[in-house]
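Have the sequence and the 3D view open as you read.

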Amino acid sequence: MAMRKLAEKVAVLDVFPKVEIDNQARSEKGGILTILLTCFLLLLTMSEFSEYRKIQTRYHFLVDPTIESTMQINMDMTIAMPCPALMVHVYDASGQRIHLTDGLKLIPAEFSIGSAKKYRAIDNPKYIHEIIKAANGKPYDEDIARDMGACRVYGSIKANKIAANLHITAAGHGYHGASHTEHSVMNFTHRIDEFSFGKLYPNLVNPLDNSVEISESPFEVFQYILSIVPTTYIDYKHNVLLTNQYAVTDSRKAFSEEKAANIVPGIFFKYDIEPISVQISESRQSFVHFLVRLCGIIGGSVVSVGFAYRAVKLFVTGGKEDPHLYAPVHNLMQRV
């Protein structure tokens with residue numbers, strides 16, 4: 001008995017009164033509005049779920065706080081010269097020269113363009129056939145390009161984290177004591193599949209990746225000037241990765257054999273470290289936040305449509321209540 005009285009008192013506090021089925025009136029217009037509102041809410045729910053799954057990325061710039069003495073350089077490129085004729089060195093700002101030929105892997109390969117494009121790619125897809133020439137000046141021939149003796153240079157090496165110049169040159173040209181490479185063999189046509197600094201992270205863009213340059217002379221200098229930006233990548237799980245990004249400008253210059261006496265032909269990557277670093281942070285909306293937003297959208301939409309429907313009906317009926325007035329809202333609330 002006491003429990004019944006308590007239940008009756010609690011029922012007085014009910015802010016969600018129910019309308020008996022016998023007192024509900026359904027109409028064709030109300031049904032159509034209910035269907036439209038349900039479809040609208042389904043679209044909003046899908047949009048909110050898509051937003052919940054999306055990873056937001058924020059960028060924050062600050063003075064480089066890291067203290068590191070070395071930096072990882074990753075490279076994978078193919079040069080249209082035999083491997084024994086190539087030498088790889090790094091000269092840094094401290095005057096130290098690091099011989100990298102033995103630290104990297106050099107394996108014979110066939111040179112092909114593949115899907116690579118010239119850096120600062122031209123929109124015209126036929127450009128590659130117009131600029132490609134063999135080292136002896138003959139017009140481009142696809143079979144010749146495939147059959148050129150080449151060397152794939154790839155691997156990761158550690159270098160001092162200071163401004164430096166990475167050289168890829170021909171043996172005997174620019175370095176004393178090395179065997180001399182015949183001019184007929186020299187061809188610095190190259191395809192870069194990867195050139196990066198540090199570890200990779202999702203969506204990292206390395207400007208030189210998948211690029212190609214075609215040499216027109218045995219005595220040609222390809223120069224890439226890179227500005228390296230230290231980067232801290234933090235994913236949505238709060239894993240931290242210290243790496244680097246870079247921007248690049250390039251130039252090239254060919255010389256005749258008569259004017260190349262004091263020139264060192266080759267491929268040169270001149271890089272410098274920027275004092276400003278960038279912090280890339282990923283975040284994702286929490287599931288609780290998603291539920292709160294979803295409930296707010298559904299509830300707000302139902303109430304708003306109910307009020308709008310009531311206002312229109314009152315206006316149409318001249319202020320008289322219509323027994324069908326709340327049917328769409330009641331129908332939808334029962335489904336929800």
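## Ground rules

This is a predicted model, so keep the confidence cut-offs in mind: local features need pLDDT of at least 70, side-chain atom pairs count only at pLDDT 80 or more, and totals for chains, interfaces and linings use all residues. Residues are numbered from 1 along each chain as its sequence is written, and side-chain values use heavy atoms, with hydrogens and water left out.

## The big picture

The protein has six helices and 14 strands. Both come from DSSP runs numbered from the N terminus: helices are H or I with at least four residues, strands are E with at least two. Of the 336 residues, 38% are buried. Buried here means under 20% relative accessible area, exposed means over 50%, and partly exposed is in between (1.4 Å probe, protein chains only).

How much of the contact list comes from residues 24 or more positions apart? They account for 81% of the contacts with a separation of 6 or more, where a contact means heavy atoms within 4.5 Å. The accessible surface is about 20300 Å², and carbon and sulfur atoms hold 59% of that. Those areas come from the Shrake-Rupley method with a 1.4 Å probe; for residues, only the protein chains shown count as cover.

## Strand E13 and its partners

Strand E13 covers residues 266-273, and six of its eight residues are buried. Strand E8 (residues 164-170) pairs with E13 in the antiparallel sense over six bridges. Pairing, by the way, takes at least two DSSP bridges between two strands. To find this pairing in the viewer, look for leucine 166 opposite phenylalanine 269 of E13.

E13 also pairs with strand E11 (residues 220-234), this time in the parallel sense over eight bridges. Here tyrosine 271 in E13 is the bridge partner of leucine 226.

## Salt bridges

Side chains of opposite charge can pair when their charged atoms come close. The rule used here asks for a side-chain nitrogen of Lys or Arg within 4 Å of a carboxyl oxygen of Asp or Glu, and the count comes to five. One of them joins arginine 191 and aspartate 193, at 3.1 Å from N to O. Arginine 191 is buried at 13% relative accessible area, while aspartate 193 is partly exposed at 30%.

Now turn to arginine 252. Its side chain meets glutamate 213 in a salt bridge at 3.2 Å, N to O. That pair links distant parts of the chain, with arginine 252 in strand E12 (residues 240-254) and glutamate 213 in strand E10 (residues 211-213), 39 residues apart. Arginine 252 also meets glutamate 220, at 2.7 Å from N to O. Through shared partners, Glu213, Glu220 and Arg252 make one network. How covered is each member? Glutamate 213 is buried at 3%, glutamate 220 is buried at 2%, and arginine 252 is partly exposed at 31%.

## A nonpolar patch outside

On the surface, Tyr59, Phe61, Val63 and Ile276 form a nonpolar patch with about 460 Å² of accessible area together. Patches are built from residues with over 30% relative accessible area and no salt bridge, joining like charges within 9 Å and nonpolar side chains (Val, Leu, Ile, Met, Phe, Trp, Tyr) within 5 Å.

Which strand gives the most to the patch? Strand E1 (residues 55-63) does, with three residues. Tyrosine 59 is found in E1 and counts as exposed, at 54% relative accessibility.
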